[in-house]
Amino acid sequence: MVEMITNINNAVNNVVWGWPALILLTFAGVLMTCLTKFFQLSHIGHWFKMTLGAMFKDKDVVGHTKDRSISQFQSLCTALAATVGTGNIVGVAGAIMVGGPGAVFWMWLIAFFGMMTNFSENVLGIYFRRKNSAGEWSGGAMYYLRDGLGAKKGCKAAGSILAVLFSVFCFLASFGIGNMTQVNSISGNMYSVFGVPAWITGIVVLAAGGLVIVGGLKRIASVTEKIVPFMVVLYIAGTVVIFITNISHAEAVFGAIFRGAFALEAAGGGVVGYGVKLAIEQGMKRGVFSNEAGLGSSVMVHSNSNVSEPVRQGMWGIFEVFADTIIVCTLTAFTVLSSGLIDLETGVAAAEYGGVELTKANIVSTVFSMHFGKAGAAFIAIAIMLFAFSTVLGWSHYGSKACEFLFGEKFTIVYRVIFVGAIYGGAVMGDNLAWDLADTFNGMMMIPNLIGVLALSPLVYKITRNYISRVLHGKNEKPMLSAFSDIQREQERRL
């Protein structure tokens, strides 16, 4: 039975994380980029001003809210908490070692177009969100599938079915990708670096996670707004030191990335055609794993923002992908490729370094040890612990929103308790089929979500055009803020 389930899962996984899905993801990003006239480039100054710039100037962006919503900065931090994780360290190293240095170029490409996919998800999330009985915003792919796609002629049943499927896949994935695999990486690192037994790590992480998660989104957001900036800035600082130290290798590193991307050298020493296939596949797949643009996950927390303008929150989605992949993943890639431990033509790691066999799991730690001594390895272990723990916090909200949509608000507290209990299981369990299944469910979220984004792409275009006309060109037009008249009036009063 287990073998049969494994074979079925592998077959489905090859589809949802294979070429059909990557092509669909790319098409969605290219389409939204073209419809918005390359918004991520043509209005780069504006979205930087309204995101990074606003953090230091606008108290409404960073200030705590009195109602059940969260600030725009908190929504960004909670979304980054779920996306900036082990994929930014282990995933990037793995992409390079399998797909060669050229994988980094394709990671950039999928991120460039993914900015507008994430933008579109957030615009739709804000436009179709509604408040539950507790006064908390509820939004996400399930809502724009049911109320957006479902409102189109002849699509009511399809919209409802896709909304339920998305929620089921999200609910199941939250326990694997968003919980046990992350905690297992924490316990594994704590044991290998500090010798802490898995059961002790499990108890500590369970207690810490329980104190935060059971308190709901407001408590999660208040923690992530402190953890995420700290861990990201600290990790960036470490990689920037290595970047400056190895700046003489920059030309060779970036040359290898562009050569490998277009098969001027074959990854892994194989034939040229197969090399570029691996580079494209690994780069795009790891890019999506890292920033989750197209999966419809982070929109569930962006929808809880206190923002009124859908496009305003969409710009935070652009910044999220930019920070996650263009900044953090690029610095990780340079750290690995400039170390001398990776063949710049093939991506193959040296057999061993200092008696340690190099793998995707330890190569970044090894590089940090080369530059900072034993403290470097400890630093990466702590970074992975913080990255993984914050991912657990972010995904607990995603799963609770999926649970709310499927079973109602009363069941969310039950979900959170079960989710916290699963933390201990993740710390002490070894490899398990459930994790592979969760990876598949994570990818399966993408299919209904992208159907919704593509079907509603004309609406995203209209909302974006409306915002540009009013805010950037000063035209007197009625704002497009919500699909629901009562919420539209409420948000108009806030403008």
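Thr-239 is buried in this predicted model, with a relative accessible area of 0%. Because buried means under 20% relative accessible area, Thr-239 falls in that class. The residue lies in helix 12, which spans residues 217–245. Its side chain reaches the backbone oxygen of Ile-236 at 2.9 Å. Setting aside residues up to four places away in sequence, Thr-239 touches Leu-331, Thr-335 and Phe-368.

Two of these partners, Thr-335 and Phe-368, also take part in the contact of helix 16 with helix 17. Two packed helices are described by the angle between their axes and the distance between the axes. The axes of helix 16 (residues 310–337) and helix 17 (residues 363–372) come within 9 Å and cross at roughly 70 degrees, so helix 16 is roughly perpendicular to helix 17. The crossing of these two helices is left-handed. On the helix 16 side, Thr-332, Thr-335 and Val-336 meet Ile-363, Val-364, Val-367 and Phe-368 of helix 17. The residues of this contact comprise five nonpolar, two polar and no charged.

A further buried residue is Leu-76, at 2% relative accessibility. Leu-76 is placed in helix 6, residues 72–83. Leaving out neighbours within four places in sequence, its contacts are Met-55, His-302, Trp-316, Phe-319 and Glu-320. Leu-76 and Gln-313 are 237 residues apart along the chain, and their C-alpha atoms are separated by 9.3 Å.

The table sets out the two buried residues.

| Residue | Helix | Relative accessible area |
|---|---|---|
| Thr-239 | helix 12 (residues 217–245) | 0% |
| Leu-76 | helix 6 (residues 72–83) | 2% |

How values were computed
Residues numbered from 1 in each chain as written. Predicted model: local features only at pLDDT ≥ 70, side-chain atom pairs only at ≥ 80, totals over all residues. Heavy atoms only, no water. Helix = DSSP H or I, 4+ residues; strand = E, 2+ residues; numbered from the N terminus. Buried < 20%, exposed > 50% of the residue type's maximum accessible area, 1.4 Å probe, protein only. Polar contact = N/O pair within 3.5 Å; in protein donor to acceptor, adjacent residues only side chain to side chain. Contact = heavy atoms within 4.5 Å. Axes fitted to C-alpha atoms, helices over the stretch in contact; angles between N-to-C directions. Parallel < 35°, antiparallel > 145°, perpendicular 65-115°, else oblique. Left-handed = near helix turned anticlockwise from the far one by under 90°. Nonpolar A, V, L, I, M, F, W, Y, C, P; charged D, E, K, R; others polar.
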